[in-house]
Amino acid sequence: MSTRRAPGDKQGDGDRHDPSGDLRSVLVTSVLNLEPLDEDLFRGRHYWVPTTQRLFGGQIVGQALVAAAKSVSEEVHVHSLHCYFVRAGDPKVPVLYHVERTRTGASFSVRSVKAVQHGKPIFIFQASFQQMQPSPLQHQFSMPVVPPPEELLDHETLIDQYLRDPNLQEKYWVGLNRIAAQEVPIEIKLVNPPVLSQLQKLEPKQMFWVRARGYIGEGDIKMHCCVAAYISDYAFLGTALLPHQLKYKVHFMVSLDHSMWFHAPFRADHWMLYECESPWAGGSRGLVHGRLWRRDGVLAVSCAQEGVIRSKPRVSKSKL
């Protein structure tokens with residue numbers, strides 16, 4: 001990994017600055033800590049498995065980026081990645097990552113990674129790395145104006161509030177309890193969380209503040225990009241479900257592909273605003289776009305994903 005530093009938070013937002021190992025993020029010490037087996041061959045293990053009992057896509061993307069980053073020099077940094085999920089991952093066995101050094105150029109280098117289980121590829125990945133170059137041509141969108149994370153409820157407290165609502169329907173009670181029981185290595189604070197009466201009027205858009213649990217530190221920017229790759233897949237595809245959750249019950253939802261573009265240095269253990277929207281759904285698929293903003297208004301990362309979404313109309317009890 002490179003020694004290039006990720007930026008600190010100039011706004012002093014209360015993010016962790018304690019360098020002691022006691023608070024070290026599990027994303028660094030465990031999830032993204034690959035075991036080298038041979039040159040360009042690594043083994044990754046699992047930390048958190050969703051209730052679907054399939055491997056979490058963000059984990060596979062993050063681990064593949066770790067493997068690819070180990071094969072490039074310190075002077076180059078990832079600027080984009082594109083990948084396809086081709087088979088469901090088995091949470092009972094490790095994943096093998098084989099890196100192919102597709103091209104090493106003066107300014108850009110490309111690495112391909114194949115993730116394998118049971119002798120078959122479950123995931124194919126390509127990343128492009130660039131040596132930093134100055135550019136007079138610069139622009140970006142403006143960051144949405146939202147409340148800071150300090151003024152918002154954390155995910156656990158918000159779910160607890162929902163569960164205490166006497167009007168909560170049983171179908172939501174079961175799902176919320178499953179979410180509450182999960183030990184996810186990231187922290188989330190929803191912006192404008194919906195109340196129960198608003199569920200049928202939701203747009204396919206959501207925003208939440210997000211950061212890695214624990215301390216990562218200034219570290220090298222490659223690791224922060226790998227952590228962001230893990231974070232980017234959490235609750236992302238679910239954005240496409242927001243307008244439909246009262247009318248349809250999803251019985252199958254998995255990611256098909258995932259792409260990311262890295263624009264500016266950042267720290268993944270500092271709060272970033274994740275702006276997600278789904279411009280289209282149809283054909284048993286949904287498309288989502290996302291932007292990760294630093295607190296100082298800099299656009300750090302852009303994301304896109306398409307996934308399979310199979311659903312059935314909900315049957316009301318009055319029709320039974």
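**A walk through the sheet and its surroundings**

Strand S9 (residues 248–262) and strand S12 (residues 299–313) run antiparallel and are joined by 13 bridges. Here strands (E, at least two residues) and helices (H or I, at least four) are DSSP runs, numbered from the N terminus, and two strands pair if DSSP finds at least two bridges between them. Within this pair, isoleucine 309 of S12 is the residue opposite methionine 253. The model is a predicted one, in which local features need pLDDT of at least 70 and side-chain atom pairs count only at pLDDT 80 or more, while totals for chains, interfaces and linings use all residues. Residues are numbered from 1 along each chain as its sequence is written, and side-chain values use heavy atoms, with hydrogens and water left out.

The two strands belong to an open sheet of twelve strands with antiparallel pairing, in the order S1-S2-S4-S5-S6-S3-S9-S12-S11-S10-S8-S7. Strand S1 (35–38) and strand S7 (186–191) are at the edges and have a single partner strand each, so one side of each is left without a neighbour in the sheet. On average, neighbouring strands of this sheet are turned by 25° against each other, direction ignored.

Further along the order, S8 and S10 are paired antiparallel over six bridges, with valine 210 opposite methionine 272 of S10. S10 in turn runs antiparallel to strand S11 (residues 285–294), and nine bridges join them. In this pairing tyrosine 274 has leucine 292 of S11 as its bridge partner. The hairpin of S10 and S11 has two residues between the strands, and glycine 283 takes a positive phi near 60° there.

Helix H2 (residues 57–69) packs on it and touches strand S2 (41–44), strand S3 (76–85), strand S4 (95–104), strand S5 (108–117), strand S6 (120–131) and S9. The direction of H2 makes about 50° with that of S6. Such angles run from 0 to 180 degrees between N-to-C directions, the axes being lines fitted to C-alpha atoms, for helices over the stretch in contact. Helix H5 (residues 221–232) lies across S3, S7, strand S8 (205–212), S9, strand S10 (272–282) and S12, and runs at about 160° to S9.

Which residues of the largest nonpolar core touch the most other members? They are Leu65, Phe123 and Phe125, in a core of 69 residues. H5 supplies the largest share of this core, nine residues. A nonpolar core is a set of buried Ala, Val, Leu, Ile, Met, Phe, Trp, Tyr and Cys residues joined through side-chain atoms within 4.5 Å; buried means under 20% relative accessible area, exposed over 50%, and partly exposed in between (1.4 Å probe, protein chains only). Neighbours within four places in sequence left aside, phenylalanine 123 is in contact (heavy atoms within 4.5 Å) with residues including Ile60, Val61 and Ala64. Apart from this core lies another, of nine residues, among them Trp209, Trp271, Leu273 and Leu299.

Glutamine 63, found in helix H2, is buried, with a relative accessible area of 0%. Its side chain is joined to that of tyrosine 97 by a polar contact of 2.5 Å. A polar contact is a pair of N or O atoms within 3.5 Å; within protein, one must be able to donate a hydrogen and the other to accept it, and residues adjacent in sequence count only if both atoms are side-chain atoms.

The model has twelve salt bridges, each a side-chain nitrogen of Lys or Arg within 4 Å of a carboxyl oxygen of Asp or Glu. One of them joins arginine 43 and glutamate 35, with the closest N and O atoms 3.0 Å apart; Glu35, Arg43 and Arg45 are linked in a network. Arginine 43 is partly exposed at 25% relative accessibility, and glutamate 35 is partly exposed at 31%. Arginine 213 forms a salt bridge with glutamate 156, their closest N and O atoms being 2.6 Å apart. Arginine 213 lies in the loop between S8 and H5 and glutamate 156 in helix H3 (residues 155–164), so this pair ties together parts 57 residues apart in sequence. In the salt bridge of aspartate 269 with arginine 267, the closest N and O atoms are 2.9 Å apart, and both aspartate 269 and arginine 267 are buried.
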